[in-house]
Amino acid sequence: MDPQAPDEPVLTVPRSAANSAAEMLPDGLVAADSEGIVTSVNHRAEQMLGRRADELVGEDIRVALPLETRNGESWWAMTDPWNGLRTRTGHREKLLQLPDGIELLITARYLRAGRAGPLGAILLSLRDAEGRRRAELDHAALISTIAHELRSPLTGVKGFTSTLRRRWDQFTEEQRLTMLEAIDADADRLTRLITDLLDVSRIDSGRLRIHEVPLGTRDIFTRHVERHVAAGQDAQGFTITVGEGAEEIYADPDRLDQVLANLLENAVRHRAEHVTLDASSWSGPTGPGVMLSVSDDGTGIPAEQRRAVFSRFWHGPSGGGTGLGLYIVRGVVEAHGGWAEIDDAPGGGAVVRAFFPAEPA
């Protein structure tokens, strides 16, 4: 807290009014007097602590809330509002825990009679740390997933380069070329993984930048199909349809390539024998635009899982990939001002639709 802040008188609020206001708060609130004796506990704090207010009122707050840091150190011994600097008026939100392992986000407020006056009361705001814990687990899962996915191509690159360096003269020109092609493919895979990781970070922080230009829809579809055919897919397994009014789409070329690459990869991974790429004009509450659809005749997505398919780390029945592809698809489409959805395909598999507005976001 700012030691130069102007004097703040202690406000006197009728107890009944204060208690009523405290019960309306979404967070827990525990109040103690100048000696540290608990004077009030709202209902939310009771729920979070698992104890009734009448059990806590009258206890020393250090006993009622034996807060600790993650290292097991007593937070009260460290902060000491009674004997510490009198200029302190509280502490910003901090993640602390109780001896039984319950984690809480604690914000402290010390009420003093004027600047550097004696301590009049302590107010502790308690927030459930479950949301932050889930976010931390998500980030840990992201790091673990990416590390696992990076290990395989890195192992391939290291193995081939080490072998070539030690035994170059023992290989034929054709064998060398084969290993160099494998190294190149693994390097491309590493690049894609790192790009996905960076894009997830940008989507989460709202910093995904797009530069929209008019693009030929059929040309883009054809280019992506040709890539899969060059990789060994049957050209007869793809159908391209472009409806009237959908010949051109307004989008970021690199990001649109990313969306289609992820959707096609997802369709092929789900054992689809035939994939249809369709573009059609569409108009709804959000205005006119172009609807891109990628449908397949694969295993499909169960209805109960469709709400989760665009979340991070979702894996379908195949279990392959990082689980970030459809999450990135939705983030990219929404950055354009559009939306994405998944449904049953006419052929029995799944169809993913991505709507791009006619006007730039």
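In strand S2 of this predicted model, Ser 40 is the bridge partner of Ala 31, and Val 38 is the bridge partner of Ala 32. Strand S1 (residues 28-33) and strand S2 (residues 38-41) run antiparallel and are joined by three bridges, where helices (H or I, at least four residues) and strands (E, at least two) are DSSP runs, numbered from the N terminus, and two strands are taken to pair if DSSP finds at least two bridges between them. Four residues lie between the strands in this hairpin, and Gly 36 takes a positive phi near 90° there. The residue numbers used throughout start from 1 along each chain as its sequence is written. In this predicted model, local features need pLDDT of at least 70 and side-chain atom pairs count only at pLDDT 80 or more, whereas totals for chains, interfaces and linings use all residues, and side-chain values use heavy atoms, with hydrogens and water left out.

The protein comes to 10 helices and 12 strands in its secondary structure.

Another open sheet is formed by five strands in the order S7-S9-S10-S12-S11, and its pairing is mixed. Strands S7 (238-242) and S11 (339-344) stand at the edges with a single partner strand each, so one side of each is left without a neighbour in the sheet. From one strand to the next, the twist averages 20°. Strand S7 runs parallel to strand S9 (residues 275-284), to which it is joined by five bridges, and Val 242 stands opposite Ala 279 in S9. Helix H8 (residues 217-230) packs on this sheet, touching S7, S9 and strand S10 (287-296), and its direction makes about 175° with that of S7; contact here means heavy atoms within 4.5 Å.

Helix H9 (residues 253-269) and helix H10 pack at an angle of about 145°, with their axes 9 Å apart. The crossing of H9 past H10 is left-handed, a term used if the near helix is turned anticlockwise from the far one by less than a right angle, and right-handed if clockwise. In this packing, Arg 255, Gln 258, Val 259, Asn 262, Leu 263 and Asn 266 of H9 meet Gly 325, Leu 326, Ile 328, Val 329, Val 332 and Val 333 of H10. The buried residues of H10 are Leu 326, Tyr 327, Ile 328, Val 329, Gly 331, Val 332 and Val 333, where buried means under 20% relative accessible area, exposed over 50%, and partly exposed in between (1.4 Å probe, protein chains only). These buried residues pack against helix H7 (173-205), H9, S11 and strand S12 (350-357).

His 336 lies in the loop between helix H10 (325-335) and S11, and counts as buried because its relative accessibility is 0%. In the largest nonpolar core, which has 41 residues, Leu 256, Leu 292 and Phe 356 touch the most other members; a nonpolar core is a set of buried Ala, Val, Leu, Ile, Met, Phe, Trp, Tyr and Cys residues joined through side-chain atoms within 4.5 Å. Another core, of 25 residues, lies apart from it and has Met 48, Ala 53, Leu 56 and Leu 98 among its members.

Within helix H7, Asp 186 is buried, with a relative accessible area of 16%. Not counting residues up to four places away in sequence, Asp 186 touches Pro 153, Gly 156 and Val 157. Over the protein as a whole, 39% of the 361 residues count as buried, and residues 24 or more positions apart account for 60% of the contacts with a separation of 6 or more.

Conventions:
Axes are lines fitted to C-alpha atoms, for helices over the stretch in contact, and angles run from 0 to 180 degrees between N-to-C directions.
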